[in-house]
Amino acid sequence: MAPSYDNLDAEEELDDIEIDYSDLRDAYEVRLEEGLDAFVVIDGLPIVNEEQKEKLIKFLLRKLNSVGKVKEDGVFMPLGDNGKSEGFAFVEFAAAEQAAAAVKQLHGTPLDKRHTIAVNKLTDIDRYGREGRIDDHYEPPYIEPFQEKEHLRSWLGDPSARDQFCMYRGDKVGVFWNEKEDPPEPAVDRDHWTDLFIQWSPLGTYLTSLHKQGVQLWGGKSWSRQSRFAHPGVRLVDFSPNEMFITTWSPEPIQVNENHPVLSLEEDGKNYIIWDVATCKPLRSFVTLDTPGPTTDEHGNPIRKKLQWPAFKWSADDKYVARMTQGQSISVYELPKMNLLDKASIKIEGVMDFEWAPASPRREGNRNYEQIFCYWTPELGSNPAKVGLMSIPSKEIIRTRNLFNVSDAKLHWQSDAKFVCVKVDRHSKSKKSLATNLEIFRVEEKGVPVEVVDSIKDTVINFSWEPKGDRFVLITTPEIPANTAVPPKTSVAFFCPEKAKGNAVGNFKHIRTIDKKNSNSIYWGPKGRFVVVATIQNQSSFDLDFWDLDFEGERDEKDKDLTANLQLMGSGEHYGITDVEWDPTGRYLITSSSWWKHQMENGYHLYDFRGTLLREEHIEGFKQIAWRKRPPTLLSKDQQKDVRKKLRDYSKEFEAEDLAKKNTATRAVVEHRRRLLEEWNAWRQRVMEDLEDEGVDPEDLRGPQDGKEGEEPEEGQVVEEIVEEIIKETEEVVG
Amino acid sequence: MRPILLSGHERALTQVKYSRDGDIIFSVSKDHVICAWFSINGERLGTYHGHQGALWTVDVDPSTTLLASGGADNTIRLWEVKTGRLLKTWDFPTAIKRVEFSPDGRRLLGVTEKRMGYLGTIVVFDIILEVDADQTNEPSLRIECTESKATVAGFSYVGKYIIAGHEDGTVSQYDAKTAEQYLNLTVHEPDIPITDLQWSADRTYFITASKDKTAKLVSAVDLEVLKTYVTDTPLNSAAITPVKDFVILGGGQAAMDVTTTSARQGKFEARFYHKIFEEEIGRVRGHFGPLNYVAVHPEGTGYCSGGEDGYVRVHHFDKAYFDFLYEVEREQAKI
């Protein structure tokens, strides 16, 4: 089955004629303009008499005018025969849209403890409430019988704890089990599974495919569709960290007509939709914000602005999502209602960038549950540039720091939110040269102290924290001289904290710098300790260096105060490398060369963490490879410790298993070869016998032989060749 | 295995051939000249001048007396190997893509190009294996390829069949005496041309190379595909090694695309596959253009390759090459 959006349930062959469309026709029948669209009916009002009526209408108007303009004398509340109202009122708005807004926003709002108003369009009342439309007999809604769903995390139960990866090549998308040196074992392989690319959800539960019509999530053992999100023209998708919500984006505004099954008019003209993954319903939609600045360059050509992605950034606990309006404010929305926190954006003048802490931070002396984000603002007039940490939902600013001569800043959180490093590119007073400072905020310590690393002379082009650790790697490059085609050499520098008493983290110290590299990217193993420094998307160099920061061997004397022992474990080269990814356990690394970037030797290499090449495969039209992520372990700290203690015993088991597997595999290969060889020999013999039957002398097969005419084979002729070679030439002046 | 680089041609090589004894290599290129070289040290023995256009093909008879060549000047020419004297010229309406002597050297086969309203044909001349003999003017046999033109052709064991590879990926078997077609089978991908056809030492089976990136080992008797060698680049040539059960494949990115790609991506390597196990054993780099032809020394002691880059590279195999054996082969050898 080709799971494209068009023919998803193709197995149910339906006969057009036999289908009863009446329910659909009722639901989607095109309604003609009736001129009553500006009217709404409010129900559930308190019963009032003549005198109280005016007061109630006044009260109602206050509410109604908050969403639209009610026409003069637009509220009509009929009184019954007994002089009392009937509990409902008709309201006419100035425009149909306002009426729609009133229905949307006021329906179900409580007036007081006993009264909750119901706001409906007059036309709807007519449509649904007309006589005959409502059955007199109550029929309980049909509830679908419970269907056992597949376990979405079944892949984690693999007996040998293998990891999966997804590969997109040509038009095919497949999920495979990693088999180290051996060809990966396919779990599923389908044609045209996606139109654009594939993406795993952050915990690996779902495989995301993108189509013209929207996004689909797949999962479970049978790789069935779990949910779909209709977003026409979708190009990018982003999950919240706990897979509860999903953001989709299309460059073109969405066009929704009234009868769209999932999207409502609310989504019309929007670019972003935030969805609830569990219900597949849109929560709220937004338009793309243009970054400020000129839209055309000096020659009048439009500047293509780089899209900020993700524009909606999630807090670590899926409770908040925030978007920045550059230079003005940050809007924080609360999930799942998607309402603006405290009904207002947080004004931060000049804000350039912000990042949520990737984990819920534990701050000294603060027991409240809070999320933090870090932001920075550039120099504005005489005010210095600023980096701030803000706590949400209290909006308390925990820490700010003033910075001077700032050209640019990048915010890098450590994965446990212990530190945030602000990489500040500073220009000299003349604005001619650039240098980088690192301002490291120790978020977990009292008062959030800031440590500055200002020993770096060059510009830092890349920075990366050790996951779950406190060390970092950065790549620097000297000033780029103008008009050179060759990119300058880069240097890779390693930093770690000094040894300190107790559990404290000491000051950050430089370990070592490796000069004259071309490297431009840093990939830490997901469990820390190991890091790969690579040169990717480069025309001329493709090297990979595998480093260990806790090398167990001899330690350099000068490094004795450091919490790291750096050692280069291995190096590799992958021609045309475009992407690097660690497997979620940190045991393997895949480097790939994607057809999207160039058409040279597309395929992937699989390395182990030490840099040993296990497997390489060239695949035509290879586009993408992605490891399936893993959710965090369910084992407690003690259990993990226990496993680590018994690792030696466990590994014996696994090694025996590996060996057995290898032996059977080799035996199979040898067996196969033996059979081939026997078949070949048998074939040769058969051919020779057949030839003899034909009367062909095997001696004749090689053509006329020398010496067949009876002459003695000549003795091998000796050819003497004199080769002169000048070993040394000296010139002496005689005299 | 340090190769000897033969740099005597000014344009792309089109074919290289060893003599029956393996002591002389003949090479033809688009520069109109045939060169003869000593295979042992790469010294040039001489050249054969006379052709007026790019040369496509060359072959030498088993006694190394006569040399046949064909090219874009629409002629097949017969030369005296020893002196370089032109003995005979046969004129045709179109270019000659392939010439080959029968195993006994008494017949010469030529493949003509399909062009300007002429069908591709295979012609056979009876040859008198003497330098001063008066060679025949008319072919003794003519096969017209009405379906798809032949690109390569050769004589099977004892000259019984003529086997031809076609532009549409098929291989056909003709009777070498009556020109009757016995078989025509699609061996390679349909409509992808076969670029080379070379024989095993006893000519009971042969290997075909194709632009479909595979080479196939085919039986001459029934055209059954015995083995398939899959590569990642279009192939121009394939050869079977005597002594060792290997095949050598050569090819690379099409010549017209070469300038836009790096040498690395061009895949200009000679690839060694195990003939029986169909597994790649190794590659030999060196050319900086696609390999147009690979030829193996008849005694299996070396091979040479001619490239689009204008060089012939002659390789003599090391001891390690002969020592290399798969485990199962070693077992077999002991018995």
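Good morning. The side chain of Arg115(B) meets that of Glu113(B) in a salt bridge, at 3.5 Å from N to O. Glu113(B), in contrast, is buried, with a relative accessible area of 4%. A salt bridge here is a side-chain nitrogen of Lys or Arg within 4 Å of a carboxyl oxygen of Asp or Glu.

The model is predicted: local features need pLDDT of at least 70 and side-chain atom pairs count only at pLDDT 80 or more, while totals for chains, interfaces and linings use all residues. Residues are numbered from 1 along each chain as its sequence is written, chains are lettered from A and ligands numbered from 1 in the order in which they are written, and side-chain values use heavy atoms, leaving out hydrogens and water.

Let me stay with the charged pairs. Over all chains, the structure holds 52 salt bridges. One of them joins Lys661(A) and Glu179(A), with N and O 2.6 Å apart. This pair links distant parts of the chain, for Lys661(A) lies in helix H6 of chain A and Glu179(A) in the loop between strand E6 (172-177) and strand E7 (185-191), 482 residues apart. Helices (H or I, at least four residues) and strands (E, at least two) are DSSP runs, numbered from the N terminus. Lys661(A) is partly exposed at 43%, whereas Glu179(A) is buried at 11%. A further bridge in chain A joins Glu445(A) and Arg442(A), at 3.0 Å from N to O. There Glu445(A) is partly exposed at 31% relative accessibility, and Arg442(A) is buried at 5%. In chain B, salt bridges link Asp232(B), Glu269(B), Arg271(B), Glu280(B), Arg283(B) and Arg285(B) into a network.

I turn now to the nonpolar cores. A nonpolar core is a set of buried Ala, Val, Leu, Ile, Met, Phe, Trp, Tyr and Cys residues joined through side-chain atoms within 4.5 Å. The largest has 38 residues, and those with the most contacts inside it are Ile163(B), Phe206(B), Ile207(B), Leu217(B), Tyr229(B) and Leu249(B). Helix H6 (647-694) of chain A and several strands of chain B, including E15 (161-166) and E23 (246-251), each supply at least two residues of this core. Which element gives the most to this core? That is H6(A), with 7 residues. Contact, in what follows, means heavy atoms within 4.5 Å. Beyond its neighbours within four places in sequence, Leu249(B) is in contact with residues including Ile207(B), Tyr229(B), Glu269(B) and Arg271(B). Apart from this core lies another, of 22 residues, among them Ile372(A), Trp376(A), Val424(A) and Val443(A).

Glu620(A) forms a salt bridge with Lys213(B), in which the closest N and O atoms are 3.2 Å apart.

Within chain A, the domain assignment, from an automatic or database source, gives domain 1 (32-129), domain 2 (316-454) and domain 3 (457-573). The centres of domains 2 and 3 of chain A, taken over C-alpha atoms, are separated by 25 Å. Each of these two domains brings 19 residues to their contact. Between them they bury about 1,500 Å², 60% of it on carbon and sulfur atoms. How many salt bridges are found across the interface of domain 2 and domain 3 of chain A? The count is 0.

Gln414(A) sits in the loop between E25 and E26 of chain A and has a relative accessible area of 0%. Thank you.

Terms used
Buried means under 20% relative accessible area, exposed over 50%, partly exposed in between (1.4 Å probe, protein chains only). Buried area is the accessible area (1.4 Å probe) that two parts lose on being put together, summed over both.
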